[in-house]
Amino acid sequence: MDITSTPLTPRALDLARSLVRMNTVSHNSNLELIHFVRDELARLGVKSRLTYNDEKTKANLFATLGEGKPAGVILSGHTDTVPWDGQDWTVDPLGAHVQDGKLYGRGSADMKSFIAIALSHAGAFLESASPFAVHFAFSYDEEVGCFGVRGLIADMREAGVAPLGCIVGEPTSMVPAIAHKGVYRYKCCVRGKEAHSSLTPQSVNAIEMAARLVGKVRDMAEGFERDEPRYEGFDVPFSTASVGQFHGGIADNVVPRDAEFRYEFRDLPTADAARMQQAVVAHARSLEPAMQAVAPGTGFRFETICEIPSFLGSAGDAVTRLAQRLAGEQRTTLVAFGTEAGIFKSSGIPTVVCGPGSIVQAHQPDEFVSLDQLARCEAFMRGLAATRAIG
Ligand SMILES: [Zn+2]
């Protein structure tokens, strides 16, 4: 089958435009979108399982198409988007404008189109003679740290669903991706002891103590570059570490009491981010006795911003071969961005990342997905509905 020659159906494009028009920036509720999908599925007689955040303002949706069949492949997507504040758009980010073979809008590439095309094939999955069910797993709060999907997976496990594989539809230009780095972010708050800057021996300088830890992060980054076995295929083939924000101090002549900084590790699938963070914390603890000898109550406090595990699938996995076949692709690739794939994989589900559009357009002003990519994704879904065996 020449998958490039099949035109995009109006229904798929309509659904993609409908989803783009809903404002699901991560700090907003995603319930409009979730209820829309739930209602579309309900019309086909499919029940959805919704799992909520504590405030009940956001939900994940999990649905099985092919009730009674053994569990099959999960089609996974996140419903939230990044914001567009301060970006220079020439079209309305919520306008779902179609021009010159492209659908424009926030989330068009990352990653509402994948969800829309999966949804537009719900009927086909239900009518499929495949011996396996297809599952939809649509999460909230991916963009701010993959917080939603863990509840979805726990709920799915509780329901006794054990899928054979998972396809995460992040934008890879429909080339199956089998690895990405992790993203681990932390905040470090330093409490010192203030004093007039003429009396430094009676003080604990929070900025200077923070700087020692910043230096530790920098030393670690240099260590990764120097010592880590290379993982070819990534733009940067070793783990990275960097400090992204630093705040502290109130005046030139006041030894600062407080400082804080934020830093991140992007660990290779073969590295261990937990050990990296342990090394930072251990260094902080080694500095505290001298601080506390001057002033009790001084020291370091850490907060976790996000911990998105790295992902390492396999070209040999049945779900990877399935994605290759459905996408008409011989290649596999690695991607530079974090996804929910590592979380599905670490819960024991073979996983691959493959979806329409390019990450180059994601998070950008005038984000778009080409209609050609949508047509390829449709062919992929049609192929999945016609699949008799996974692999
Ligand atoms: Zn995404």
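About 100 Å³ of space lies in the largest cavity, a cavity being a set of points on a 1 Å grid over the protein atoms alone where a 1.4 Å probe fits but cannot get out. The model is predicted, so local features need pLDDT of at least 70 and side-chain atom pairs count only at pLDDT 80 or more, while totals for chains, interfaces and linings use all residues. Residues are numbered from 1 along each chain as its sequence is written, and side-chain values use heavy atoms, without hydrogens and water.

**Cavity**
- The count comes to one cavity of 30 Å³ or more.
- Its lining has 15 residues (an atom within 4 Å of a point), and Ser130, Phe132, Val134, Leu384 and Thr387 lie nearest the centre.
- The lining divides into nine nonpolar, four polar and two charged residues.

**Zinc site**
- His78 (NE2), Asp110 (OD), Glu170 (OE) and Glu170 (OE) are the protein donors of the zinc ion, at 1.9 to 2.6 Å; donors are N, O and S atoms within 2.8 Å of the metal (3.2 Å for Na, K and Ca).
- Asp110 lies in helix H3 (residues 108-120) and Glu170 in the loop between strands S7 (165-168) and S8 (177-180), so the pair ties together parts 60 residues apart in sequence.

**Ser139**
- Ser139 lies in strand S6 (residues 134-139) and counts as buried because its relative accessibility is 0%.
- Beyond its neighbours within four places in sequence, Ser139 has contacts (heavy atoms within 4.5 Å) that include His78, Asp80 and Glu340.

How values were computed. Helices (H or I, at least four residues) and strands (E, at least two) are DSSP runs, numbered from the N terminus. On a 1 Å grid over the protein atoms alone, a cavity is a set of points where a 1.4 Å probe fits but cannot get out, and a pocket is an open set with protein on both sides within 12 Å along at least five of seven lines; lining residues have an atom within 4 Å of a point. Grid points are joined across faces, edges and corners, and a volume is the space filled by probe spheres set on the points. Ala, Val, Leu, Ile, Met, Phe, Trp, Tyr, Cys and Pro count as nonpolar, Asp, Glu, Lys and Arg as charged, and the others, Gly among them, as polar. Buried means under 20% relative accessible area, exposed over 50%, partly exposed in between (1.4 Å probe, protein chains only).
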